[in-house]
Amino acid sequence: MQRRPSDVNGKKSYTALVTQEGQSEHPPEDGRPERRARELLNLRAENERLRTRLILLSRLGQQIASSLDLTTVFQQVVDSACELTSARYGALGIFDRHGQIEQFITHGLTDEEQDRIGRLPEGLGVLGWLRDLQEPLRLGDLTKHPRSAGFPSNHPAMKTFLGAPIRHGAVSLGNLYLTEKAEEQDFTPEDENLLVLFAAQAAMAIRNAQLHRQVQDLAILEERDRIGMDLHDGVIQSLYATGLKLESVLDDMAKNPQEVASEVGRAIDQLNQVIGDIRSYIFHLRPTALSETDLAGAVGGLLRELKVNTLIDVEMLEAPGACRGLDQELAGGLFLVAKEAIANAQKHAKAKRVSASLERYNGTLKMIIADDGSGFDPALPSSGLGLHNVRERIERLGGTLSLESSPRDGTRIVVEVPVAAGN
């Protein structure tokens with residue numbers, strides 16, 4: 001028996017609808033459990049797909065952050081972006097301070113293809129627009145965009161496009177450009193969102209590698225300055241002294257030929273020491289003069305050599321325990337300061353007497369190098385590197401330098417440096 005829908009309070013009611021005696025009064029539910037099962041299965045599959053892509057994003061982010069070599073990071077960024085979005089071709093454009101592309105790192109092009117394409121893009125078309133836009137850009141057909149400038153000859157065909165800026169704070173580091181998604185598909189909004197997240201990680205990795213390179217460049221400059229100072233304060237002074245010795249040999253050749261052989265032998269020994277010093281300075285080792293004695297012994301050796309070569313009167317004073325336990329850097333630095341000061345007394349001051357003294361008090365080592373030469377006005381500018389090198393060397397050791405001199409009244413250099421406890 002079947003009843004027609006009845007009006008209940010002016011509204012039609014279907015609760016009494018029965019299609020067959022003994023059946024439910026609800027509409028049919030054919031296939032509802034199966035449909036729900038399929039929907040749940042699809043949701044689980046979609047969830048697993050998204051989870052897989054996020055895991056890939058995380059892995060690629062860790063990969064680009066694992067290197068500090070800037071060139072490696074650049075290549076890993078563009079390679080990883082292509083892997084993340086299934087793009088056949090990719091490029092990373094790095095900007096200079098004027099916003100122009102100074103580096104263009106590619107993925108998907110062989111070396112031969114890049115050679116045929118030729119010069120880097122200038123950023124006049126869509127690439128330049130994306131640089132100015134500073135927002136992600138997704139295109140179904142790159143060639144139909146009004147800003148498209150076309151491709152140079154020998155360039156592979158590219159249609160689908162996805163680009164994203166790489167920014168570190170307010171600084172634009174570059175752009176990622178991806179084309180030709182796999183299986184001739186368009187890039188999706190999901191691809192765009194993942195690329196934006198990846199670009200944020202890429203910005204941190206690139207900036208970290210850039211800072212590491214800057215630190216390395218600074219270290220190289222500091223090392224170059226150190227070697228330059230060591231060569232000036234050590235090697236050049238030794239060569240100057242050896243030159244004076246050879247000049248005296250020339251004079252003795254006519255007067256005392258028997259003495260020439262021994263003098264030449266000593267000059268050769270000095271040159272061999274210079275060679276050893278050069279090797280030590282390059283590898284930041286102790287000067288040769290400190291290899292078998294302490295600071296006082298090495299400075300005393302400088303004074304004895306000065307006396308032999310020039311007949312200048314010398315004096316070496318060491319307070320008990322002044323040089324005990326000095327570390328390599330401190331002893332080497334002070335030795336080179338003394339060498340520069342003694343060489344200046346010989347070359348410029350025309351001194352008749354040079355003295356050196358070493359003493360220690362209250363955790364401070366004090367070294368004084370004095371001469372009775374012509375002196376100079378410390379207030380006047382100097383064109384030489386010697387005094388500048390000495391001051392910089394003492395500052396690196398954490399010490400202070402005072403210079404007392406005046407014309408015709410000699411020069412007195414006083415160096416005070418802290419000595420670590422226990423030395």
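## Ground rules

The model is predicted, so local features need pLDDT of at least 70 and side-chain atom pairs count only at pLDDT 80 or more, while totals for chains, interfaces and linings use all residues. Residues are numbered from 1 along each chain as its sequence is written, and side-chain values use heavy atoms, with hydrogens and water left out.

## The cores

A nonpolar core here is a set of buried Ala, Val, Leu, Ile, Met, Phe, Trp, Tyr and Cys residues joined through side-chain atoms within 4.5 Å. Buried is under 20% relative accessible area, exposed over 50%, and partly exposed in between, using a 1.4 Å probe and protein chains only. The largest core has 39 residues, and Leu295, Leu334 and Ile394 have the most contacts inside it. Several elements supply at least two residues each, including α7 (295-310), β9 (353-361) and β12 (411-418); helices (H or I, at least four residues) and strands (E, at least two) are DSSP runs numbered from the N terminus. The top giver is α8, with ten residues.

Leaving aside residues up to four places away in sequence, Leu295 touches Leu290, Cys323, Leu326, Ala331, Leu334, Phe335, Leu358 and Leu365 (contact: heavy atoms within 4.5 Å). Apart from this core lies another, of 32 residues, with Leu56, Leu70, Val78 and Ile94 among them.

## Leu302 on α7

Leu302 sits in helix α7 and is buried, at 14% relative accessible area. Lys339 is 37 residues away along the chain, yet the two C-alpha atoms are separated by 7.0 Å.

## α1 against α2

The axes of α1 (residues 32-65) and α2 (residues 70-85) come within 10 Å and cross at roughly 175 degrees. Axes are lines fitted to C-alpha atoms, for helices over the stretch in contact, and angles run from 0 to 180 degrees between N-to-C directions. The pair is therefore roughly antiparallel, the label for angles over 145 degrees.

Among the residues making the contact are Leu56, Leu60 and Ile64 of α1 and Val73, Val77 and Leu84 of α2.

## Around β7

Strand β7 (residues 171-181) is mostly covered, with eight of its eleven residues buried. Antiparallel to β7 run β3 (residues 87-95), joined by seven bridges, and β6 (residues 161-168), joined by eight; strands pair if DSSP finds at least two bridges between them.

Notes. Parallel < 35°, antiparallel > 145°, perpendicular 65-115°, else oblique.
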